[in-house]
Amino acid sequence: MATVSPLRAVILTHNVLLKQLITKGRLIAITIFGLLPILLGWVIGRQSEDPLEAGAGFISYMGLAILIPVVALIFASASLGDTREDGTLVYLWLRPISRWSVTGGAWAASAVITLPLTVIPMAIAAILLDVGSALIIATILTSVLAVLAYCGIFLLLGLLVKNPVIWGLAYIFIWEAIVASFAKPAAALAVSGYSRAIITGRTGVDFDFLFSPSQTISIFMLIVIMAVSMGITTFRLSRIEVP
Amino acid sequence: MSPQPPPPPQSQTVNHTVNMIEVSNASKSFGNVVAVSDVSFQLNAGVTALLGPNGAGKSTLFRMLCGLTTPTSGTVKVLGRDARQDTPVRGKIGLSPQQDALFDRLTAYEFVEIAAKTHGVENPRTATNHALMLVDLDTVTEKNVGSFSKGMRQRVKLAAALVNDPEILILDEPLSGLDPVQRNRMIELFHNLGSQGKCVLISSHILDEVARIGSEVLVIAQGRLAASGDYRSLRTLMEDQPHVIQITTNRARELGAALLQKEIIDGVTIEDETLNITTSTIDAFGRSIASFARELDISLIEVAPMDDDLESVFRYLIEGK
């Protein structure tokens, strides 16, 4: 019996879970959801007096605060969470592969499906805003980083709680949208605080946010959030009671 | 053609200095509920049936063996290792879990192949085809397992458990949902695997099934190991207990009186056309009841054992009544 390399184990886990995650209903619902920012981007681009500021605000508040986290929540929380709920986790858990590989594969599966469903509509919206390449590049960069970070967080959430979508929505709309807007320490613990900082930093639009870290720190922190979430997920996976 | 297990790989060795499965004073509680209580046993090559009613703790014991859950106290070792901590030993275990869940969007081939690949099987394509053939699913390899019947789902789980040619096979109710022909073929396969030196542990709550699965039996009830050893000894033990049989007849009172007079029953209660008799000589009763009724010109409408179920066996083994 040959040893399975960690990378191969990640790919195998990714392949299985990706197939499980892609359902017709999810894809249709999320594609329709993704059309909304495209439409709004087009409208804002034509009607705003300061399209750059309006566009950056729209990307920050619509794309980064709602579209990306919600789509990431749906896929990432289901990636391992569904396997734990329905009992199929055993088919990954009881294999001679590392827990890291299972985490990595599950995270990759959710990111691979979330990225095109969010970054493409966000990029199209940024193009339709018609304010130059800075916003387009900032949108793509920030969206990718935010997707990776949110997938890490919601992957963990799926393994930690029952009904992760409800908990996740509470996190998105209460913690990230409300608490983090009023409390600086909370903003430092929210993905949106860092992703907005990248958008404003790259476009030069100043929203006078409560929490404004530099772009470098923001990028670094999003990567840290992703890595820490995955580390905790792996730790949790090694101690979980597998049904 | 009878199903033949894959030939044992030459690289695979069995460490004979340790038991293949060793459970020492293992207990598992979920809050106040004790699922497994102070269970100890050792197993080596061969087929062993784990017999117990639903909720007896069979699946929890299997989950502990595979490392899916940790014992609250005691130790559980597979090939001398703890499967929860030891990654390589997990490659030597094949588990067919009780739950029906599968990756429903995968085809049967993909489901088994992913098991082969994650086990690091050197030729996953050949191993997958062989495992599917062993369970008679080689004609439906491209169908999604989500569209499978219960019996087919059961067999695809078995194929996935067999694909890495494991030293230890842990099969949780693997025959449930199978038709009689498939059931016979799978039992034959289990025996072939056992005779190849593999440790095959199979759970069931059906007594007749256990009689055919293996001569070695572990009986678990209320989380405790109630009996273990050769099935025939267990059967003899069970035959010593008084049996309760219900007879529906057109002349219950006359038949009851006559049976008591002949001393082939110990006691009787009568309700309308139904007799509930108790006998310690079940074989003699079985041989004589039909001819006896014929002699008396009494019609027997139904003769049904009331205690030929596991609950009564366990009650007898545990409580002696």
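Helix α3 of chain A, residues 51-86, bends by about 45° at A:Ala78. The bend at a residue is the angle between axes fitted to the seven residues ending there and the seven starting there. Helices (H or I, at least four residues) and strands (E, at least two) are DSSP runs, numbered from the N terminus. Because 26 of its 36 residues are buried, α3(A) is largely enclosed by the rest of the structure. Buried means under 20% relative accessible area, exposed over 50%, and partly exposed in between (1.4 Å probe, protein chains only). Just after α3(A), A:Gly87 takes a positive phi of about 90°.

This is a predicted model, in which local features need pLDDT of at least 70 and side-chain atom pairs count only at pLDDT 80 or more, while totals for chains, interfaces and linings use all residues. Residues are numbered from 1 along each chain as its sequence is written, and side-chain values use heavy atoms, with hydrogens and water left out.

**Chain B**

Chain B has 11 helices and 13 strands. Of its 321 residues, 52% are buried. Chain B exposes about 14200 Å², and carbon and sulfur atoms supply 47% of that area; accessible areas come from the Shrake-Rupley method with a 1.4 Å probe, and for residues only the protein chains shown count as cover.

**Between the chains**

Chain A and chain B bury about 3000 Å² between them, 58% of it on carbon and sulfur atoms. Buried area is the accessible area (1.4 Å probe) that two parts lose on being put together, summed over both. Contact (heavy atoms within 4.5 Å) takes in 30 residues from chain A and 36 residues from chain B.

There are 2 salt bridges between the chains, a salt bridge being a side-chain nitrogen of Lys or Arg within 4 Å of a carboxyl oxygen of Asp or Glu. In one of them, B:Glu110 pairs with A:Lys19, the closest N and O atoms being 2.6 Å apart. On the side of chain A that touches chain B, α1 (6-21), α3, α4 (90-93) and α10 (215-239) each supply at least two residues. α1(A) gives the most, with 6 residues.

**B:Thr69**

B:Thr69 lies in the loop between α1 (58-65) and β4 (73-78) of chain B. B:Thr69 is buried, with a relative accessible area of 1%. Its side chain makes the polar contacts below (pairs of N or O atoms within 3.5 Å; within protein, one must be able to donate a hydrogen and the other to accept it, and residues adjacent in sequence count only if both atoms are side-chain atoms).

| Side chain | Partner side chain | Distance |
|---|---|---|
| B:Thr69 | A:Glu241 | 2.2 Å |
| B:Thr69 | B:Lys28 | 3.1 Å |

Definitions and conventions: Chains are lettered from A and ligands numbered from 1 in the order in which they are written.
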